[in-house]
Each structure stands twice: as structure tokens, then as C-alpha cells.
Amino acid sequence: LAQGNSGSICQCPTAKARVRVGVAMPDRGGGIIAGTDAAEVVQRGCGRPWLILSVSMSWVGVAQLARLAEQRTGKLQHSSIVPFMVCANAAAWMLLAMPHMLRKLREVGAPMDDVGVASRTFRSLWTDAFEVSQPPRFLAIALSTNFCYIAALHFLPASLNTAVFCTNPIFTLLLSCAWLPADVGVDTPLPTTSRLRTAILSRRCMSVGLSVLGVLLIAEPWDAVAGRSHIRVVGVFLSLISAWGTSAYQVYFKLTFGVRLRPDEVGLFLAHMGVWSTLVLGFVLVGLLTTGAYNLDLALVPWHLVALTACASALFNFLIKFGLSVDSPLAISLATQIGIPLNLLLDVVVIQANIDSSQALGALVMLVSFTLQQQSDSQSANKPNGLSERLMGD
């Protein structure tokens, strides 16, 4: 990213800004990452609408394909394919190890005999970028979060569950203020209360608020609020835990790895998660099918839709992790929210679903939220930090 010795001033053509490489950290790709101000590397990823829209559109693809698979399965055998689909999605993540394996196998100077190739293939499944214990640790958080979200559907209608879960960016903003202040445009030396005050008065906070409002207008949870209030409290609690867990997962990932993961290492990380998830979920799935607790005729499974959904899920999860490596957790959190009006638009075009004025207004509000977010990220990327100002002043 920036070539030079420790302590020198380098010209970064990507960011068009001079930065000082303090404690130089190799990025294993031939470049040097400035250890004194890694936030500048993150800001180069900000303001990338293509990344935000890619995350949103891949999520839309997963949702639409999964719904088609569920509807087709329901017509053929009156059973749900969701448990089987979750396991298939996790298995597809293992394919993301291929780029890292190919890069390692192409390394110059390695032995080419049969034993050497087998040894190199095994070594290509590991990297120094992360510890072996980290993928299962993140997987435990992800599975707990997904369980809470699915469990909430037993107590809440889908629209109300979606509306409660859309508080996810709020938790992400609060956690980022505490642990990743530079990612939300807050000066690190400020105390926590001052960071929160600065973040609340920023455009990012306005973008988060509009995003939540837009989801509420689209989901229209007030139509589902009727009766059994004590049951709904349990559902709301589970949905809030799911929203908080998703935010904690994203901020923890960014705090742990920063910007040091290459794209192929992101894929390898997900592949490790896929192996663990397939083992755990596969064991549970086989047990349910064997005991008859889960009635699913594999001959009637729409395998083409399952395969397409699994591939879309692998792409979506890769883009999420890659986005966290080059952008802020808040931006990625808002990216998933943009998928909600995209799903609504696709429902109107494909299945001629009817939308009312509230949902149309919600889509417009989310468009404004996306615009504010991009403007905020663009200003952060163009604004020189204090270190750069002092260096340029010198």
C-alpha cells in the first residue's frame, strides 16, 4: 500500500495523500501498511458504493433463492427445507479456500513430486493470518445469533422481527464508538462520553436513524402488533439479542483483524468456519433425519435451487468479511439494510406484489440514508488526519 522504510514519508497514489509509515507492518503482498494510522487504509475502502451494493444484492439473491426453494419444497412434500439449506450453505463456504490454495501451490521453489504436492496442498489450507482457534470462536457467535433470530420468529411475525432486528446499525455505531472510534470519524483521545456525543451529532448517526425508520416503514410492524403482549416481549428480547450479536460479531472481527487479511485469506477463514459448521450442523441434521424428527425426502429436494442459494450465501458472506477488512462495520451493517428495499422492488417486479405509500416512503428514506452514508464516508476519506497535517506542515 505504501513503499518505504520505517519513519519515512511515502506517496500513496491510491489515497492521494502523504502518510508516515511509523511502525511498518508487511502486508504479505509486497507492500507496507502504516502501523501508526491504519484507519487511513480503512478510509480507502470507504465511499465505495459498488461494495455496499454488492453486499446488498448478494443478500437479496440469498433471500429470493431461499424463498423459492422453500416454496418449491413445500409444494412437493409439505416440509421445510430450512435446516437442510443452512447446512448446505455452510458446506459451500469450504469452496472459498480455493483461491488461497491455488496461490500457495503456485509459489516458486516448492517440490513438484507427488509427496511434495500432497504436502503443499495440506499446507495451503493454513495461514499465519489467523489462529486455528479463531474461526470456531466466530462461528459460535454467528450460530448463537442466528438461533436467536430464528427463535424470535416463533414469537413474532416476520415483519415485526425484521423491524426489531433493524436496530443492528445502532448497536454497531455504539460499539464502534467504544472500540473503533476512527471508523466512525471520532477522535481516539476523546473520552467515551465525548465520542458518543460526537457520533450522535454526525451524519453517520443520521444515516443510521433514517435506515431504521425506512425499515420500519417497509416492514409495517404496527399491522402485526395485536394481542399476546407477554409473548411478544420474549420475541423482541430474542431479536434484540440477535441484532446486538451481529453488531458485536462485526466489530469484533474488525478489532481482531483490522485490514491485514488478504481477499484469499478472507475466503480461507470462511472455509475454516464452513468445515466446523458443516461438522456441527451436519451431525445434528443426520440425527434428525435418522430419528424421523425431520421429515425430508431427499429425492424431492430442488437441488438446483439449493446449489444456487448455497453459492449466493458463500458470495454474500465473503463480501461481508471482505467489506469488514476494507471498510467500517457500520458501513457493512447499513449495506445489509439496503437489501430490504431491493427485496421489496424485486417482489413488485417478479411476483407483482402490492406496496402501499408507507412502504414506498420507506424505500425513499433508505435511499436518502444510503446517500448520507456515502457522503459521510467520502468526507472522512478526503479529510486529512492530525498526523498527516503535522507531517505536511513540517
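At what angle do helix α13 (residues 303-326) and helix α14 (residues 329-350) pack? Hold that thought for a moment, everyone.

First, some ground rules. This is a predicted model, where local features need pLDDT of at least 70 and side-chain atom pairs count only at pLDDT 80 or more, while totals for chains, interfaces and linings use all residues. Residues are numbered from 1 along each chain as its sequence is written, and side-chain values use heavy atoms, with hydrogens and water left out.

Now the overview. The protein chain has 16 helices and four strands; those are DSSP runs numbered from the N terminus, with H or I for at least four residues making a helix and E for at least two making a strand. Of the 394 residues, 46% are buried. Buried means under 20% relative accessible area, exposed means over 50%, and partly exposed is in between, using a 1.4 Å probe and protein chains only.

Okay, back to the question. α13 and α14 pack at about 150°, and their axes are 8 Å apart. Axes here are lines fitted to C-alpha atoms, for helices over the stretch in contact, and angles run from 0 to 180 degrees between N-to-C directions. So the two, α13 and α14, are roughly antiparallel. The cut-offs: under 35 degrees is roughly parallel, over 145 roughly antiparallel, 65 to 115 roughly perpendicular, and the rest oblique. Who touches whom? On the α13 side we have Phe316, Ile320, Gly323 and Leu324, and on the α14 side Pro329, Ile332 and Thr336. Contact just means heavy atoms within 4.5 Å.

Here's another pair. Helix α6 (residues 134-152) and helix α12 (residues 263-291) cross at roughly 60°, with axes coming within 9 Å. That makes α6 oblique to α12. The α6 residues in contact include Phe138 and Leu139, and those of α12 include Trp276 and Leu281.

Next, take a look at helix α8, residues 168-179. Its 12 residues reach 16 Å from first C-alpha to last, close to the 16 Å expected at 1.5 Å a residue; the expected span is 1.5 Å times one less than the number of residues. Among the buried residues of α8 are Leu173, Leu175 and Cys177.

Speaking of cysteines: Cys87 is buried because its relative accessible area is 12%, whereas Cys311 counts as partly exposed because it sits at 48%.

Last stop, Ala360 in helix α15 (residues 357-382). Ala360 is partly exposed, since its relative accessible area is 36%. Thanks, that's my tour!
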